[in-house]
Amino acid sequence: MINDLVQTHEDRRVLRWGGLAGMLGAVLLVVVFAIVGAFVGTFTGPEAEVAAYPGVRVARTFENGLYLLVIVLWVAHLLALYRALRGTSPAHALFGSGLGIMGMVVLAAGALPHVVTAPISDLYHAAGVTPEERATLVLAWQSSQSIIDSLLIVGLVVAPLGLLLLGVAMARTPAFGRGIGRVTIGLAAVGVAVAVVILAVPESPVAAVGMFALIAFHVVLGWRMFRLPTDAR
């Protein structure tokens with residue numbers, strides 16, 4: 001029952017703050033995408049990107065910081081979800097939240113690429129750099145971006161597996177209900193499909209679909225968790 005999840009004032013705070021963290025993280029990730037679209041844009045290749053980096057450096061740094069904050073908020077949401085689901089489905093709640101947090105940790109590891117790319121850009125634009133040296137720096141830039149992309153792919157592969165288990169746990173928890181559980185399982189299925197595609201074709205642009213599935217998950221579940229203490233009264 002719902003009352004079983006919100007027996008104490010501290011339980012209510014965990015659910016409310018966890019739900020709020022999930023929704024806020026989703027909103028901030030949309031802001032990140034907006035910053036990229038409005039102030040960063042797209043580039044035709046690594047050489048064009050490193051050449052244009054000084055003009056977008058501030059936007060990139062701000063965007064990366066917001067993205068890391070999103071991941072931190074989503075970890076808080078997943079921890080609160082474990083608290084809400086462990087009473088009725090402890091195994092699915094434990095392994096689902098564990099895999100979800102593991103995915104978030106991997107995504108967080110690649111959240112601040114400017115820590116690596118900014119020094120490369122500084123060297124590229126330094127006075128007296130030869131064309132050969134710039135070509136080498138472009139390769140270094142490309143290599144660092146490949147590592148960041150690899151972390152993104154791993155995170156998008158692992159996280160949906162956790163959401164799938166959490167969806168099963170929700171379907172077994174009356175406070176959430178089969179409807180929310182099925183929605184979560186559906187979003188997880190989209191994430192798994194995206195994971196299969198990007199494992200087969202790493203350069204595929206469908207990674208954005210996986211991100212939007214994560215946004216939808218944290219909005220839907222964040223709102224439900226935020227409302228749980230109210231519904232229990």
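**Figure 1. An overview of the chain, with eight helices and zero strands.** Welcome to the whole fold, shown here as a predicted model. Reading from the N terminus, the order of elements is α-α-α-α-α-α-α-α. The C-alpha trace extends about 70 × 35 × 25 Å along its principal axes.

**Figure 2. Burial, surface and contacts of the chain.** Of the 233 residues in the chain, 45% are buried.

**Figure 3. A close-up of how helix H6 packs against helix H7.** Two packed helices are described by the angle between their axes and the distance between the axes. Here H6 covers residues 131–171 and H7 covers residues 177–200; the angle is about 160 degrees and the axes lie 8 Å apart. Because angles over 145 degrees count as roughly antiparallel, H6 is roughly antiparallel to H7. The crossing of H6 past H7 is left-handed.

**Figure 4. The residues where H6 and H7 meet.** On the H6 side, look for residues including Ile153, Leu156, Val157, Pro160, Leu161 and Leu164, along with Gly167 and Ala171. Their partners in H7 include Gly177, Arg178, Ile180, Thr184, Ile185, Ala188, Val192 and Leu199. By residue class, the contact of H6 with H7 holds 17 nonpolar, five polar and one charged.

Key
Residues are numbered from 1 along each chain as its sequence is written. This is a predicted model: local features need pLDDT of at least 70, side-chain atom pairs count only at pLDDT 80 or more; totals for chains, interfaces and linings use all residues. Side-chain values use heavy atoms; hydrogens and water are left out. Axes are lines fitted to C-alpha atoms, for helices over the stretch in contact, and angles run from 0 to 180 degrees between N-to-C directions. Helices (H or I, at least four residues) and strands (E, at least two) are DSSP runs, numbered from the N terminus. Angles under 35 degrees count as roughly parallel, over 145 as roughly antiparallel, 65 to 115 as roughly perpendicular and the rest as oblique. A crossing is left-handed if the near helix is turned anticlockwise from the far one by less than a right angle, and right-handed if clockwise. Contact means heavy atoms within 4.5 Å. Ala, Val, Leu, Ile, Met, Phe, Trp, Tyr, Cys and Pro count as nonpolar, Asp, Glu, Lys and Arg as charged, and the others, Gly among them, as polar. Buried means under 20% relative accessible area, exposed over 50%, partly exposed in between (1.4 Å probe, protein chains only).
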